[in-house]
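The sequence and structure are shown below.

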Amino acid sequence: MNDGTRWAGLGFRLAAVLLALIVTTIILVLAGAPPLEAYRLILVGSLGSMRNLANVLVAWAPLLLATSGLLITFSAGLWNIGIEGQIALGAILTTGALRTFETSTVSPALVIGLSILAGALGGALWAALIGALKTFGGVNEIFGGLGMNFVATALTIWLIFGPWKRPGTGSMSGTEPFPQHLWLPQIGDLRLSWHALVVAVVGIALVYLLLNGTHFGLRLKAVGKNARAAFLMGIPTSGYMMLAFLLCGALAGLAGALQVTAVYHRLIPAISSGYGFLGLMVAMLVNYQALWAAPVAFFFAALNIGSIQLPLVLKLDSLLSGVMQGTLVLFVLAMEGVRQHFMTRKH
Amino acid sequence: MKIELQEIHKSFGPVHANEGICLTIPPGTIMGILGENGAGKSTLMKILSGSIHADGGRILLDGHDASIQTPSDAIRDGIGMLHQDPLDFPPMRVIDSFLSGHPSGLFPRKSAAVQALLDLEERFDFSIEPEAYVEALTVGERQQLEILRLLWLGVNALILDEPTTGISALQKEKLFTALRRLAQEGSTVIFVSHKLEEVEELCDHVAVLRSGQLVGEAEPPFHTDQLVKMMFGKMISLGGRRAAEVGAPALELSGVSVEDHRLRVSDVNLQVRSGEVIGLAGMEGSGQRLFLRACAGLTRPVSGRIRIRGRDLTGKGYRAFLRQGIAFLPGSRLEEGLISGLTLTEHFTLAQERRGLLIDRRACHGLAEGRISDFNIHGQPGSTVESLSGGNQQRALLALLKSPLSLLLMEHPTRGLDIESVVWIWGKLRERRLQGTAIIFISSDLEEILLYSDRILVFFGGRVSQPLGASATTVDHLGQLIGGAGWDTFDQERVP
């Protein structure tokens, strides 16, 4: 790629961001809200104070983990829609492990560590089911993943209102919170935990290395770009797809484990916070390149946290951040299509 | 309808598929279009039926300029094409498939359509149950359905592209009867084929294409020799053949039968020794591809045994074959051979025996540079494979092969390459051969097969000839065999 096409690529991206902003502004105007005030609120709400910034980072860690997992499955040419369920299963197994050792005399640090590992295992197993359905049952991973997401949600709700319900009656607010010694240590009175940040950063760094520096990563890419040719080259393609699912599931499970040990300290019905689907958008936006995942995930997390201010101040729905993220991804993908159209025209 | 093609030109990149073809087809005739693979037959027919656009030229229908942009334009003008693979909808019912494409408004009148279908069936003595599912039909019946559908749409010029591949002898008879009847009723029938016998039996007039040009026309009585000469051009003198220095058996087939949904290759017995080169001749779709893929372990034979280097691999998968030192070079380079989006360096890294976890970038770059210069590839280590020309892609594929190999299986190793590249590639293959690699390759270039093989197998409609010694065979003889003529000598040999 020469400098000219690189600058052109950047230009198209900027145009996409601009278009997304224009569309969001139009929606704000139609909703009768002052657009500039809304944007200001989002900015202040996400970066305006130490506490707000900490909240952004609280969302950033699991989002980044989900995104790094998806970079692996995307590399193998797989659409792991089932990531939401994998996050939920990670959270469920973490909660299960914490409950098991809650009253034991094992050191809390060990209990937390084991529970997080259990979460990774849970996510990996849930993903392995989707992989097995695809490899042995011929079920497309998108359909398999969608189905498994519903099962995971049902399982979460059943646990909260059934076996793991609070003393008395079960409640949508989740299971009984764990005692503080089973939380990941927090920074001061912020909800943020250094441990969660470290796990997320190590996760994305490992994925970057895996995809860009190892034989495994190169083979995975070969499978994703042309499974038939990869097979003829002697690469066991279904095995590699299965491994991609396992790794992505493990990272998604870790995200779920962090939601329990660092953020909510209990199992709640919407434990994934939608970070799986959001991670799909981040991965698409960075064109499946690990290098840009961290900043873009941060931007999305900031939008999510910042827009919490909208209903409080402007009586707008906080889902506006979802609209902005969605239009942004759509425009970036559309502009990429336009760019390719023009590039091929020239040749 | 009288069809006139004037100065039709069409290029695909550097390949001139149709070079100023002029052809007139009078109404009420069955016109045969003969030619080997890549002669430009299908291109010309696709232009006439609207699926591709000509770069230049005119099409006149009954003397009027026709502007055919899409297949539906062609059907509106009365031209319908029956493609080699029927364009129907296997999961649908016959009647729904029949109705699709008919401009009958939002709510099609099904009962009328059923009646129309049954009337047409009666006219041509076909019998297809309207409520059956298309996937339950034979290839021949699906073809009949497609013909009836086109006729119902008002087509009075019917193009058939290799229609007799994969249908039974009885269905062929029915098809021919129906085509003769259509011609008698004034329709135009264009019959594209490489099967000399069928063309001679059916057609009133034959046009022969070679390398994109119309090289001759003929009328009955046809002379097979003359048609073969027109199809393949003049003979070339062969020289520089070297006797094979053969070693131990690399591949042994005993009673191997392979089949797919349209073809069965039965009971092949063959022993290939290391250092030997076997050429597989035959028109595309005659069974040689199926056979080669069975030798590679990609298609499981329905019966018989396969041994590689003396080891029985019957029923084992492709990867077990790879471990015994085979390599398979697919014909479609960018679909099956190389991975678009990855660079040459990445390809060489993938192909090398795995060393450790991390990629040693410098070593891989060096490896790529070495292979690029060894194999004379015009490209950089960082070039993506899709940016290379066809010849360089083929050289890259060869450069990816491991050493040593016991058996190398290739589909069209030199298709689309200039003579220089062909000679160069066979030089490289000769080196392999001297190292003891047995080679089996498919080619549609008979001269290439004669020049570089020791023995030749000819395929025709799933039948396999006895191995022919290349030095005792000629292009003419091969041409006859792949066109389905002269097979009785084998049959006589088989009778004890």
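A crossing of two helices is called left-handed if the near helix is turned anticlockwise from the far one by less than a right angle, and right-handed if it is turned clockwise. The model discussed here is predicted.

## Helix crossing in chain A

Helix H4 (residues 83-101) of chain A passes helix H10 (residues 237-264) of chain A in a right-handed crossing. The axes of H4(A) and H10(A) come within 7 Å and cross at roughly 55 degrees. H4(A) and H10(A) are therefore oblique to each other.

On the side of H4(A), the residues making the contact include A:Ile83, A:Gln86, A:Ile87, A:Leu89 and A:Thr94. H10(A) contributes, among others, A:Cys248, A:Gly249, A:Leu254, A:Gln259 and A:Val260. By class, the contact of H4(A) with H10(A) comprises 11 nonpolar and 9 polar residues, with no charged residues.

## Overall form of chain A

Chain A has 14 helices and 0 strands. The radius of gyration of chain A is 21 Å, close to the 20 Å that the globule rule gives for 347 residues, so chain A is as compact as a globular protein of that length. Along its principal axes, the C-alpha trace of chain A spans about 70 × 60 × 30 Å.

## The sheet of chain B

Chain B contains an open sheet of 6 strands with mixed pairing, in the order S6-S7-S8-S3-S9-S10. Strand S6 (79-82) and strand S10 (213-218) of chain B stand at the edges; each has a single partner strand, so one side of each is left without a neighbour in the sheet. Neighbouring strands of this sheet are turned by 20 degrees against each other on average, direction ignored.

Strands of a sheet pair through backbone hydrogen bonds, in either a parallel or an antiparallel manner. Strand S9 (residues 205-210) of chain B and S10(B) run antiparallel and are joined by 5 bridges. In this pairing, B:Arg210 stands opposite B:Gln213 in S10(B).

## Helices packed on the sheet

Helix H5 (residues 139-152) of chain B packs on the sheet, where it touches S6 and strand S7 (157-161) of chain B. The direction of H5(B) makes about 175 degrees with that of S6(B).

Helix H6 (residues 169-184) of chain B also packs on the sheet, touching strand S3 (30-34), S7 and strand S8 (188-193) of chain B. The direction of H6(B) makes about 145 degrees with that of S8(B).

How values were computed
Residues numbered from 1 in each chain as written. Chains lettered and ligands numbered in written order. Predicted model: local features only at pLDDT ≥ 70, side-chain atom pairs only at ≥ 80, totals over all residues. Axes fitted to C-alpha atoms, helices over the stretch in contact; angles between N-to-C directions. Helix = DSSP H or I, 4+ residues; strand = E, 2+ residues; numbered from the N terminus. Parallel < 35°, antiparallel > 145°, perpendicular 65-115°, else oblique. Contact = placed C-beta atoms within 7 Å. Nonpolar A, V, L, I, M, F, W, Y, C, P; charged D, E, K, R; others polar. Pairing = 2+ DSSP bridges. Rg over C-alpha atoms; globule rule 2.2 N^0.38 Å.
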